[in-house]
Amino acid sequence: MAKELYEMTVVEAVNHNKDEKNVNELLSSLSKRAEKVNPKVKAYLNWKTEASEFDGKTSKDGKSLWGVPISIKDNICTHGWETSCSSKILKGYIPPYDATVVNKLKNEGAFIFAKCNMDEFAFGSSCESSADFPTLNPWDLERVPGGSSGGSASSVASDEAIVALGSDTGGSIRQPASFCGVVGLKPTYGRVSRYGLIAFGSSLDQIGPLTKNVEDNARIMNVIAGYDPKDSTSANVEVPDYTQTLTKNVEGLRIGIPKEYFIDGLDPEVEAAVREATAMYEKLGAKVKEISLPHTKYAVSVYYIVATAEASSNLARFDGVQYGYRHPSKDLVEMYMNTRSQGFGEEVKRRVLLGTFVLSAGYYDAYYLKAQKVRTLIKKDFDEAFKEVDVIISPTAPTTAFKLNEKKEDPLSMYLSDIYTIPSNLAGVPSISIPCGYDSKGLPIGLQLIGNYFDEATLFRAGYNYEQTMHWNDKKPSI
Amino acid sequence: MASDKYETVIGLEVHVQLQTESKLFCSSSTQFGAEPNTQTTEVSFGLPGSLPVLNEKALEYGIQIALGINCKIAERLKFDRKHYFYPDLPKAYQISQFDMPLSYEGYLDVTTKDNDSIRVRINRAHLEEDAGKLDHESHSDGSLVDYNRAGIPLLEIVTEPDLKTPEQAYAYLTLLKSTIKYIGVSDCSMEQGSLRCDANISIRPKGQKELGTKTEIKNLNSFKAVARSLQYEIDRQTQVVESGDRVVQETRLWNDAKQKTVTMRSKEEAHDYRFFPEPDLVPFTISREKVEELKKLLPELPQAREHRFVKEFQLSEYDAQVLVSDKKTADYYEVCVNSGADPKKASNWLTTELLGILNARKESLENCKVTPESLSLLLQMMDKQVINGKIAKEILPEMVETGNSPEDIVKDRGMEQVSDTGLLEELAKNIINANPKSVEDFKLGKKNAISFLVGQMMKETKGKANPAIVNQLLQKTLSEM
Amino acid sequence: MEMDINKVALLSRIKLDEEEKVKLQNDLNQILSYVEQLNELDIADVEPTSHVLNLENVYREDKVIQSEAYKEVLKHAPDIHGSYFKVPKVIEGS
């Protein structure tokens with residue numbers, strides 16, 4: 001069966017796009033696909049319809065992503081295109097500027113195809129807290145796609161996207177990538193500019209690609225990575241060509257398995273898949289050893305203090321004064337109270353309240369300061385580990401995709417499901433999730449590879465070697 | 001008097017806008033007076049996704065002022081978020097500095113008009129962004145918000161509670177302002193809001209160690225208002241305490257029209273600013289070399305200059321202080337003296353005569369047509385007796401008007417002093433002959449008589465006669481008679 | 001440690017109804033009791049981490065770049081008067 005255009009990878013799309021006509025064919029194919037599958041998975045808030053045409057005014061010369069349609073998480077600012085973070089409070093908000101990543105993609109000839117649904121303000125691990133609607137998992141429409149970049153992961157998995165951008169504060173790219181069977185990278189903190197990413201936890205947030213395979217991911221990183229003078233926290237560290245080292249083998253690669261990650265609550269089928277993947281790496285010539293990340297069990301606590309504190313501050317600006325939703329009122333304070341009460345969903349309220357509390361007078365030292373100190377210990381765990389190994393291997397999530405409403409009423413258990421992804425954000429190290437099999441229900445399982453600071457290249461190489469051996473991503477959900 | 005039982009404790013918080021081209025964290029212009037909300041970027045609006053990047057010049061300006069007020073410059077500093085909800089704050093937090101400020105532990109030595117000297121310690125001076133401007137007046141059904149000012153760099157300078165009188169507060173503010181203006185990094189205009197001051201004040205029985213309950217005074221629009229509002233608060237708080245009540249800790253607004261402070265009513269909960277380190281900005285380290293470099297760029301500051309003027313030019317401290325309080329005046333003065341004028345004369349002529357004329361004309365020294373060299377020439381012409389003081393005073397307004405040199409004016413108008421003894425002898429004789437009564441008086445020993453005759457001489461010569469020669473001639477001629 | 005939900009809600013400028021208060025107070029107390037685990041650690045001598053990278057001294061040049069963003073911002077604003085944003089006044093004692 002011939003491949004449909006919408007099934008293409010980034011690499012295939014770039015090869016396909018010889019002229020404007022090709023791009024419009026691809027756009028049309030993708031739009032039709034979205035019309036068909038999006039009512040089922042609800043990954044998009046909106047997308048370019050079939051009638052729309054590629055603005056081919058830019059010439060193809062030397063552009064690495066010419067005519068490639070990109071789906072973008074709704075917390076990344078797109079000029080002239082509503083950017084609401086899937087929140088009522090930002091409905092109607094149309095940014096007057098593009099995020100730096102969007103600029104970079106456009107400069108390489110790519111165009112925005114769609115805005116992806118997400119947990120409201122990226123607060124969640126299931127995409128159920130979107131103010132618009134929950135996104136569903138194409139592998140099982142009764143299950144969540146993960147979150148918060150659930151729309152991004154689901155759209156790539158259901159072939160209504162060639163590639164999507166997500167953001168990751170505590171696992172928001174990797175966990176949905178794992179649940180949906182796609183490749184998702186959270187870059188090193190500071191690797192990709194945050195300018196134009198609507199902040200959740202400023203010291204944790206990173207934008208990253210969700211793709212059909214590792215090579216696509218490397219291609220997108222080649223474009224979006226790099227220093228941005230508009231983001232003081234972006235690092236002025238040289239960006240290598242990530243596609244160059246992909247094919248190098250993994251012989252001698254030192255892989256660590258953190259003993260603290262194989263604990264109660266880890267689904268045995270997930271554990272088995274990860275163990276098998278580890279064994280495969282050994283077969284491919286890697287050296288595997290057990291390591292220790294002793295402060296792992298504190299990560300969730302630290303995260304929920306630091307991330308909510310920063311979030312409570314970042315979300316203070318949504319007050320109805322300049323943009324978005326305003327609850328009409330004659331009195332200023334009442335306008336604030338009602339705008340934020342009506343505009344925010346329950347999970348946002350929960351986190352804003354928690355974050356406000358841990359920063360408030362009398363509690364700062366007991367919570368926020370303490371958490372920032374334990375964060376130091378967690379970071380040191382990784383510094384120590386990377387003296388011994390090049391890559392740390394772990395499950396991306398303790399389970400495969402769970403059912404809708406399964407964890408909605410139990411925030412703490414939802415938070416605990418991020419146990420494997422959170423430490424990378426706290427330490428700032430890069431991590432990638434790649435498919436490593438399917439459970440007995442046919443749901444994808446994700447393997448997480450954690451690398452040293454600014455060493456995304458090694459993650460891509462390790463991921464590519466495994467992917468090219470196992471070809472898990474050949475399987476597609478039937479939707 | 002009851003108030004003798006109490007002493008006053010005052011602390012001042014001054015916000016100075018730093019005169020950078022662009023804002024503290026983005027590239028918006030800082031120009032005053034533009035159309036509302038046009039001097040903005042996504043950063044000054046605090047739009048979602050926007051991020052701040054520090055303006056290096058603002059940091060340097062801040063360091064220069066801090067050095068000028070004898071502060072220690074932090075080796076490492078960071079920024080923090082200060083949270084409160086108000087429409088003038090676009091992000092609902094202000095980027096400020098909490099526990100690692102730019103500078104700390106400075107001081108200024110100030111002297112009041114009544115020669116009361118005190119060292120005012122400065123607790124800290126830190127950088128922060130300005131808020132937007134609210135207009136509550138022009139609309140009955142709402143307030144208007146303009147973010148042009150939001151994000152303009154401010155240096156907040158906080159004193160220790162060392163000030164004891166409104167006069168000291170006034171003197172401190174005057175010296176602080178002139179110091180900053182010397183450095184040239186702020187125009188310090190209270191009218192345009194580029195310098196703002198809040199005052200904290202409490203009273204306590206003399207000898208008591210712990211501080212009394214303080215009130216904070218806001219809405220102070222001039223240094224005079226600061227001094228008056230403080231005096232008002234001293235009287236008010238004294239009355240409250242004397243009547244057995246307790247002072248309430250609150251913010252009070254100065255009402256300039258009514259010359260009193262009034263409670264600022266607010267239903268706000270007690271402030272809980274929830275400071276935490278700004279995650280969008282990295283820390284900054286300031287090398288000692290950089291500090292030295294910036295120190296070298298500082299001009300001689302008013303205090304040092306005052307001391308030098310006293311020493312070098314034998315001026316009184318008061319005269320020196322008057323001269324140095326404005327840098328341009330002091331610069332003018334120095335050029336004038338260096339081009340040959342007598343220092344004391346130059347001081348008098350500059351501060352009383354020339355500035356007097358300019359004030360009356362509502363002009364400033366900056367645009368004055370009289371160059372300091374030309375004023376110097378005028379003073380030297382007096383010294384050399386080319387003209388006398390009376391003529392000089394007549395000439396100066398014309399110099400201000402036309403910018404012509406005093407030599408030209410004197411020549412054109414034939415105002416050279418007449419020192420020709422032959423000519424004056426002739427005239428003296430005529431005058432003596434014409435005023436026999438005065439001659440008689442003189443002989444009777446009436447000293448005034450000669451003054452009258454001198455006056456007649458001056459009248460005849462239209463003021464040009466050299467008064468010393470005239471005096472001498474008349475004395476001589478009369479005694480020979 | 002328990003939190004005063006009324007105080008925190010006011011500080012956050014979020015109005016909560018009674019039902020929400022009970023539920024959120026309960027959720028948050030559960031989370032706060034979970035994070036008590038941090039008290040096990042001796043962290044007296046540990047420096048806090050605010051930034052994971054050791055970046056410092058990131059500046060921009062003092063240069064004005066005129067932006068037109070305000071036009072679009074005002075166009076989509078909830079309420080404006082001329083080129084001002086308009087907001088309700090503070091009603092005293094309400």
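Tutor: Gladly! Let us start with a term: buried means under 20% relative accessible area, exposed over 50%, and partly exposed in between, taken with a 1.4 Å probe on protein chains only. A word on the source: this is a predicted model, in which local features need pLDDT of at least 70, side-chain atom pairs count only at pLDDT 80 or more, and totals for chains, interfaces and linings use all residues. Residues are numbered from 1 along each chain as its sequence is written, chains are lettered from A in the order in which they are written, and side-chain values use heavy atoms, with hydrogens and water left out.

Student: Why is Val282(B) called buried?

Tutor: Val282(B) has 3% relative accessibility, so it counts as buried, the limit being under 20%.

Student: What makes Arg194(A) and Asp280(B) a salt bridge?

Tutor: The rule asks for a side-chain nitrogen of Lys or Arg within 4 Å of a carboxyl oxygen of Asp or Glu. In this pair the closest N and O atoms are 2.9 Å apart, so the pair meets the rule. Across the interface of chain B and chain A, the rule finds 1 salt bridge.

Student: How do you know that Glu40(C) and Lys297(A) form one too?

Tutor: Their closest N and O atoms are 3.4 Å apart, and the limit is within 4 Å. Between chain A and chain C there are 5 salt bridges.

Student: How much area is buried between chain A and chain C?

Tutor: Buried area is the accessible area (1.4 Å probe) that two parts lose on being put together, summed over both. For chain A and chain C that comes to about 5700 Å², with 68% on carbon and sulfur atoms. In chain A, Met337(A), Leu353(A) and Lys373(A) lose the most area to chain C, together 11% of what that side buries.

Student: And what is the area between chain B and chain A?

Tutor: There it is about 2800 Å², and carbon and sulfur atoms give 57% of it. Pro48(B), Leu51(B) and Phe85(B) supply 22% of the area that chain B buries against chain A, more than any other three residues.
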